[in-house]
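The following exercises concern the architecture of a protein model. Each task is followed by a worked solution.

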Amino acid sequence: MERRREVLVGLVVVLGIAAGVFGSIWLKGGWRGGQTELRTAATSVGALVRGAVVKFRGVTVGSVGSIEVLPSGEAVMVEMRVLEELVIPANAAVLLAPESMFGEWQAEILDRGEFGLPPFLDYPEEGVLPGAALPDFSRLTATFDQIARNLTTISDRVEVAFTEETAMNLKGVIDNVSVVSDLLSEIIAQQTERFEDLAEGVDESAQELGAAARAARISFEHFDSLLLGADAEAMMADASAGLRNLRELTEDVGSSLGDMRSAAQRVDATFARVEGLLTALETPDGSFGRLLGDPALADGALEVLAEFRALLADIKENPGRYVTFSIF
Amino acid sequence: MAELLLRPFAAIGNLTLAGLESMGRAWRLFASAAVSIRNTDVWMPLLLPQMARVGVASVPIALFIATFTGIVMALQASYSLTGTIPSYFVGTLVGKTMILELGPVLTGLVLAGRVGANISAELGTMRVTEQVDALETLAYDPLAYLVVPRLLAGIVMFPVVVLLAISIGIAAGWFTALQLLEMSSAEFVKGLRIYYAPWDVWFAVIKSLSFGAVVTGTGCYCGLQTEGGAEGVGRSATRAVVAACMIILCLDAFWAAVLL
């Protein structure tokens with residue numbers, strides 16, 4: 001009787017302890033054969049818990065052994081026990097993510113090249129795989145909620161700032177810009193027209209000066225053949241200098257509008273000399289007075305003089321026709 | 001008039017004093033029993049028979065309760081978890097509930113009725129028939145002879161019985177899921193394992209250990225306090241069961257708050 005009781009008690013105790021121990025190991029996922037240890041570091045582990053499954057290409061290959069925040073606080077170290085014969089990729093990483101929509105998380109070993117999206121933490125320690133945790137649904141929801149709040153704030157601010165008055169002011173500014181634009185177009189058109197007029201005037205003046213120069217050259221050729229005395233030579237020298245000045249002036253006016261003012265001054269000086277020369281020529285007591293008896297020569301000289309005078313008077317009266325300064 | 005007004009307060013006072021007195025006597029009894037543990041030659045030969053009575057003899061009723069608890073849990077979980085909730089949560093619910101709550105508490109309550117009443121009635125009878133006094137007269141330590149072996153047997157055997165009950169309850173739930181709920185073994189086991197933590201088993205062991213001490217200790221205390229013949233024995237047995245059940249439920253909440 002005593003023996004039987006001992007056996008019964010022993011049997012019940014052993015069975016009870018065995019049920020507790022082996023049941024616990026079995027529920028924990030033990031007896032998976034030889035196991036090796038893998039470690040990964042991530043900035044966060046989400047809702048991962050000890051005992052969570054470790055998967056590789058969708059197959060359960062182990063479980064999470066321990067989860068510890070590093071003393072520095074910069075990362076969380078996750079220790080995994082996986083099948084010893086498991087061959088993982090050279091650039092393997094560990095993604096911590098929800099296994100389903102009901103809260104349980106898993107650690108998945110994957111090829112980093114095939115799944116490079118999350119910012120994996122490269123922990124500077126030998127044998128520690130890069131790890132990253134996907135945000136769970138609650139965090140995503142919170143983020144979306146924050147975005148919605150920000151949009152609401154922006155919308156409110158726009159609503160406050162963009163009143164009817166602001167819209168009217170904006171419309172006025174646009175209208176003003178339009179008016180200014182029209183005015184600018186008009187001014188540019190006017191300036192263009194002035195340039196064209198100026199170019200035409202300069203062209204006409206150049207032609208007139210050319211004609212005057214040709215007539216003067218013909219007249220002085222006649223003078224040259226007739227002059228004999230010393231005073232005549234001096235006069236001829238003056239006349240020759242005036243003619244050179246006139247030629248240079250003609251070229252300057254024809255080539256550059258920017259030199260018109262100086263050209264006009266030189267024309268003025270030239271005409272002054274020519275006028276002095278012609279006055280001397282018209283003197284009846286001088287050597288030239290006698291030569292003026294030739295009516296053709298006198299007519300030619302008078303014609304040249306008249307043209308010079310007209311040109312000089314025109315330049316003096318309308319300097320803007322020959323020299324113009326403008327912003328546009 | 002004044003006497004009428006004071007009567008409720010007097011009743012409350014009496015109850016409080018009686019409660020405190022009982023608690024004091026109980027703690028004095030347990031303290032004396034702790035001291036009597038040193039008399040190993042007295043209680044050691046009695047430990048095995050008590051383990052057989054408290055533990056082995058309780059296994060059938062504990063497993064019976066656990067079996068049907070597991071079956072009901074699986075069926076009710078399947079009934080409740082509908083819609084988008086996956087069926088493997090039946091396994092989760094059965095496992096978690098059996099390990100954390102129903103296994104220890106139901107077993108404790110059942111054994112409070114069976115073991116607590118048994119011990120209280122036995123010791124109460126010995127008290128009213130003056131056998132306890134005879135032991136004292138014969139220079140036997142009644143605590144080492146009567147209380148210590150029962151207390152230790154309860155502390156040792158309750159966790160064992162509870163672990164067996166949990167295992168059988170889960171197995172019954174598993175069997176029910178396979179046969180009646182059209183679930184596969186893989187689904188049920190997945191649910192069992194998903195939220196399993198080894199600490200759950202330790203939690204169940206700690207609870208059942210405390211329940212064993214409470215059930216046997218209450219039985220011993222109520223039995224040794226028995227007065228008034230056969231009627232008093234019945235009263236003390238009832239008191240032992242009720243007190244043990246109440247303390248078990250209070251301890252259940254206490255451990256949940258402290259350990260989880």
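**Exercise 1.** In which sense do strand β3 of chain A and strand β4 of chain A pair, and over how many bridges?

*Solution.* The model is a predicted one. Begin with the extent of each strand: β3(A) covers residues 59-69 and β4(A) covers residues 76-83. Their pairing is antiparallel and runs over seven bridges. One residue pair can then be located: Ser66(A) has Glu79(A) in β4(A) as its bridge partner.

**Exercise 2.** Is helix α6 of chain B roughly parallel or oblique to helix α7 of chain B? Describe the contact as well.

*Solution.* First, take the geometry: α6(B), residues 142-180, and α7(B), residues 185-194, pack at an angle of about 140°, and their axes are 9 Å apart. Because of this angle, α6(B) is oblique to α7(B); roughly antiparallel would require an angle over 145 degrees. Next, the handedness: the crossing of α6(B) past α7(B) is right-handed. Then list the contact residues: α6(B) contributes Ile170(B), Gly173(B), Trp174(B), Ala177(B) and Leu178(B), while α7(B) contributes Ser185(B), Phe188(B), Val189(B) and Leu192(B). Finally, sort this contact by class: seven residues are nonpolar, two are polar and none is charged.

Notes
Residues are numbered from 1 along each chain as its sequence is written. Chains are lettered from A and ligands numbered from 1 in the order in which they are written. This is a predicted model: local features need pLDDT of at least 70, side-chain atom pairs count only at pLDDT 80 or more; totals for chains, interfaces and linings use all residues. Side-chain values use heavy atoms; hydrogens and water are left out. Axes are lines fitted to C-alpha atoms, for helices over the stretch in contact, and angles run from 0 to 180 degrees between N-to-C directions. Helices (H or I, at least four residues) and strands (E, at least two) are DSSP runs, numbered from the N terminus. Angles under 35 degrees count as roughly parallel, over 145 as roughly antiparallel, 65 to 115 as roughly perpendicular and the rest as oblique. A crossing is left-handed if the near helix is turned anticlockwise from the far one by less than a right angle, and right-handed if clockwise. Contact means heavy atoms within 4.5 Å. Ala, Val, Leu, Ile, Met, Phe, Trp, Tyr, Cys and Pro count as nonpolar, Asp, Glu, Lys and Arg as charged, and the others, Gly among them, as polar. Two strands pair if DSSP finds at least two bridges between them.
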